[in-house]
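Thank you for making time this morning.

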Amino acid sequence: LADCPRLKEANFRGNQLKDKRLEKMVNGCQTKSILEYLRAGGRGKGKAENTREEARKKKREKQQKKNGGDGEQDEVEEASKLLVKVLHVSTPLVIKVSPGVKDVRPFIVCCVLKGVNLKPGNALKRFLSAQTKLHEDICEKRTAATIATHDLQLVKGPLIYDVRPPEELKITPLGRKEIKAKDLLRQLQLEAEEQRKQKKRQNISGLHKYLQLLDGKDHYPCLVDAEGVVISFPPITNSEKTKIRKETRDLFLEVTSDTSLQICKDVMDTLILKIAELNRFTLENEEGSGSDSEPDALCGPMNSNPSQDSQPTSLPLVVEQVRVVDTDGNLKVLYPSKTDLATVSSLLTVIR
């Protein structure tokens, strides 16, 4: 498989793999990255693995001595990795969590990602498609977690992660007019029925397939900005207000789950890696300006910030921490912390 240069998609999920690193990559990386890993020999395949182990050893020695060793193999390995810089800002964006989410969708992890380039060619389309694939794979069709992506310039903080009754929660969904949550779900249900009739099959697409995730809920989760506007309604949709466009440079990323905090963090790690991969692909290929068709966005809306020029290839993406606190201001989650982004460390160089 590694010798098939034109292979674009391969799904290895569900296989029993002895190589734990490969297993992690299968669950969160692009096919291209997996094939590159296999091409190099994978774990325990003699020369390729020994070379990597020697490079890691030299890196450790270099860090201990600060200037010790020639670090040549180290530099080769590091040069091929994607760069992400974690910025510890003095006044990070804050999300206040209301007590009501505990029984509905208790876990949320957020961060700010600066320096993306969605202008050239099909960059935005690839970005949206990547989010859709993550929802299908690592998010397990949104049952494990849901991703939302927003244009940072259109997000007015501080934010509140809250719950509201279906008849009170109002949102302007992507590509739609403002509507109450209960009416939106009814509308999507009707569209799903119509879709089934027209296509004469049980499978439905788009947002319609996530409706059952809210079955039996008396309150729905939502992320509300400082102006009182609902910008996210997981696991269904995001708001048109913070939608990402080709001009967007800085993102506000959000992952929610009713399963666990660690799942949120693992998904966020993978999302940042995916965006870094897409960003490098865009910069390396220098595609000409083109038109993007925006597919029905997943729970992650995507928005734009029209100012700012192209990012030089030498600069890493910058991740800014976001604090999640309770109503008394006590810290619940800070992402990324020192231990975060470890799941993608084999493909990502994190500057802290």
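The secondary structure of this chain amounts to seven helices and 14 strands, where helices (H or I, at least four residues) and strands (E, at least two) are DSSP runs numbered from the N terminus. Please keep in mind that this is a predicted model, in which local features need pLDDT of at least 70 and side-chain atom pairs count only at pLDDT 80 or more, while totals for chains, interfaces and linings use all residues. Residues are numbered from 1 along each chain as its sequence is written, and side-chain values use heavy atoms, with hydrogens and water left out.

Of the 352 residues, 47% count as buried, meaning under 20% relative accessible area, whereas exposed is over 50% and partly exposed is in between (1.4 Å probe, protein chains only).

Now to the charged pairs. The structure holds twelve salt bridges, each being a side-chain nitrogen of Lys or Arg within 4 Å of a carboxyl oxygen of Asp or Glu. One of them joins Glu 9 to Lys 133, with the closest N and O atoms 2.6 Å apart; Glu 9 lies in the segment before H1 and Lys 133 in helix H5 (residues 123–136), so this pair ties together parts that are 124 residues apart in sequence.

Another salt bridge is formed by Glu 320 and Lys 114, at 3.1 Å from N to O, and this pair links strand E12 (residues 317–325), which holds Glu 320, with strand E3 (residues 107–114), which holds Lys 114. Glu 320 is buried, with a relative accessible area of 13%, while Lys 114 is partly exposed at 29%.
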